[in-house]
Amino acid sequence: MAALNQALVLALESNPKESYVVAAETLLRLLDNIIREPQNAKFRTVRIDNPSIREKLLSVDGMKQLMLAIGFIESQGTLTVPSNVLLANLRRYREFIHERKELIKNPPKEKGINASITCSNTTTATNIPLEQTAPKSEPEMVLQPSGSNAPGQQQQPTEAPCVIKSSRPFLARIEFPRVVQGNNVLLRQLELLSDQVMQYEDELLLASGKNLIPIDTLTTKAKSKLTQWKRLLATNEAANQKEPSEEDLLLEELTAWFRADFFTWVNALPCTVCGNEQTQLVRSTVEDGVRVEIYRCCGQLRHFYRYNDVEKLLQTRRGRCGEWANCFTFLCRCLGYDARYVFSTGDHVWTEVWSERRQRWIHVDPCENVLDAPLMYEHGWRKDITYVFGFSRDDVQDVSWRYSNNHKRLLQRRREEGACSEQALLDAIGKLRTKRRTGLNCTPERVTFLRKRTVDECLELLGNSGRVPTAAEREGRSSGSLEWRLQRGEQQINTRYMFIPTEEEVQAKQFNIRYCCATDCYERFLKGASNRVNEKITEKSNGWESRQYISRNIFRKEEHDWKMVYLARTEGTDEATIEWNFDFSVQGLRVKQIELRFGQETYDGAKVELYYIKSDGTQSQALSSLCECGKFTLQARLSGGKSWQHAQLFRQSKSASDEYPFEMNIVLM
């Protein structure tokens, strides 16, 4: 199968946006006609002198070259796709052109990466899929930085773009001699993963990734949290707790930003015709070494490429846990953290980061925005832990014992599965450690440190047996498709976001937050003289869950026929809750006056109940109960009715982008 020439597709984007969009949509219609009716000869040929084709399509620079690369042949004043051109190749071009067109036509709003995506003429190996080297003519992918420039620089209105670039192709970054002999599936997989994390160590790629992180913003938030911690410790409100380091708090901010603003979870590729988000997976295949999932809806097929190359993931910024952990672990390396990619045979992956302050590895699950809750898979997700391994640039470790507190049962499962003997596993890990450290030419001091750390970690892991899981470790899963979670009772979303006043809000003695369900966006703002005159928006956050504290059985419903959106219970559930948490007490402030707009609609006996819960646990349904309160939770409970849709929050038209069915205004004292 001919390789997809992404360079020619990307080159079209140098044209004016309006003409580019018209041309791309025209080409997509031509390809859709051929794919839908491949035997219809009239769809395979267009006349070059056709006014519509000439003005809408061929007037765009680079379009004819792209059409020839797709498979069109120019002859006697026509462009024709011969019958021997594979439909699979047309589909691949169709999918990529559509995705690029949508990104240019409808750039992501406030998602950290600016709307402008352009191409330079410099040659690089940007779009390198697994097991394939990109064409030499492929241009650099240029992305705008995500929210901040490098430390020490001032933000400019037009900031220089960030080039995602590596010094070597993906395969060259992960190609190493084998040291684990034999054909044991588990041991071979360990070596493959150990080699794969070495792609993170490319210096050019590390620089590219670092430029995409809003370091200034995250550092400011981390410092603010550290100040709050010091205040709490000074007042003995955080007794028996150790003050965290700024590096640990920065890791928390990086995790929250990655989940809320940088990466997107993919259950299935939504239909481009009807908007259905639960399209049917018809088959999985491999194209040019990349695993591809193919989804069908409305007679169309969409392809979801499961890339392992982190360079590619910095562009697509979407996937499931494999892509999430791969990209997040790399971004941790970009900030200088000693980070591990953690693989579990229980079908999930995540990250571990070494904490200098705590002198131990910290579990981080970017899909869940959860830190330091390793027992949650066994107790919250109800998974059987058998094998869990951590892979870093100079180490490989069996960390299964951190993720289970029933070590006796864990060993029993290993014996029953018979994947390999414990001795063979230890031998393989020892060889992989030597391979990694020799390849990096570790100094004697580094090797000594690593050996001591391994011994200390083994003692820590052994001490994990019988540990009582925390409340956070008993909570269910929030990532993954709703259907998958409902089967396991894991439809809880734990953002744990807490609204704390900024310096501006403290000075203005006001706090204002609103949410538009149509745009699925929160806005934090300072009021002006009257109404919206001179108001100042200080923060925007996409996703209804991004600023909630916790929810259960809640999702955002889009009615494509009625063009309405709202929050509702997940299908098949009888009740649901969602909470928002507010804390003004850290700055010594309290509520003087509060106003709340909370849109709700109920049908057939359903009900929505609002509760205001104070820090001492007392709750009330009277908004006035929050006066003189410094810390509280707003909780909504949905129940009743004949259907899950009969209790709705924030219902509004999809076009009502300037209306806010949820708004809270607080005057502080």
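**Exercises on rings and a helix**

Being four residues apart in helix 10 (residues 246-262), Phe258 and Phe262 are separated by about one helical turn; helices here are DSSP runs of H or I with at least four residues, strands are E runs of at least two, and both are numbered from the N terminus. The model is predicted, so local features need pLDDT of at least 70 and side-chain atom pairs pLDDT 80 or more, while totals for chains, interfaces and linings use all residues. Residues count from 1 along each chain as its sequence is written, and side-chain values use heavy atoms, without hydrogens or water.

**Exercise 1.** Classify the pair Phe258 and Phe262.

*Solution.* 
- Rings of Phe, Tyr and Trp (its six-membered ring) pair if their centres lie within 6.5 Å; planes under 30 degrees apart are stacked, over 60 edge-to-face, the rest tilted.
- The centres of Phe258 and Phe262 are 5.8 Å apart with 35 degrees between the planes, which makes the pair tilted.
- Phe258 has 0% relative accessibility and counts as buried (under 20% relative accessible area, 1.4 Å probe, protein chains only).
- Phe262 is buried too, also at 0%.

**Exercise 2.** Now do likewise for Trp580 and Phe598.

*Solution.* 
- Their ring centres sit 5.9 Å apart and the planes make 80 degrees, so this pair is edge-to-face.
- Trp580 belongs to strand 26 (residues 575-583) and Phe598 to strand 27 (residues 591-598), 18 residues apart.
- Trp580 is buried at 1%, and Phe598 is buried at 11%.

**Exercise 3.** Which residues do ring pairs link into a cluster with Phe258?

*Solution.* 
- Trp257, Phe262, Phe263, Trp265, Trp324 and Phe328 join Phe258 there.

Technical notes
Buried means under 20% relative accessible area, exposed over 50%, partly exposed in between (1.4 Å probe, protein chains only).
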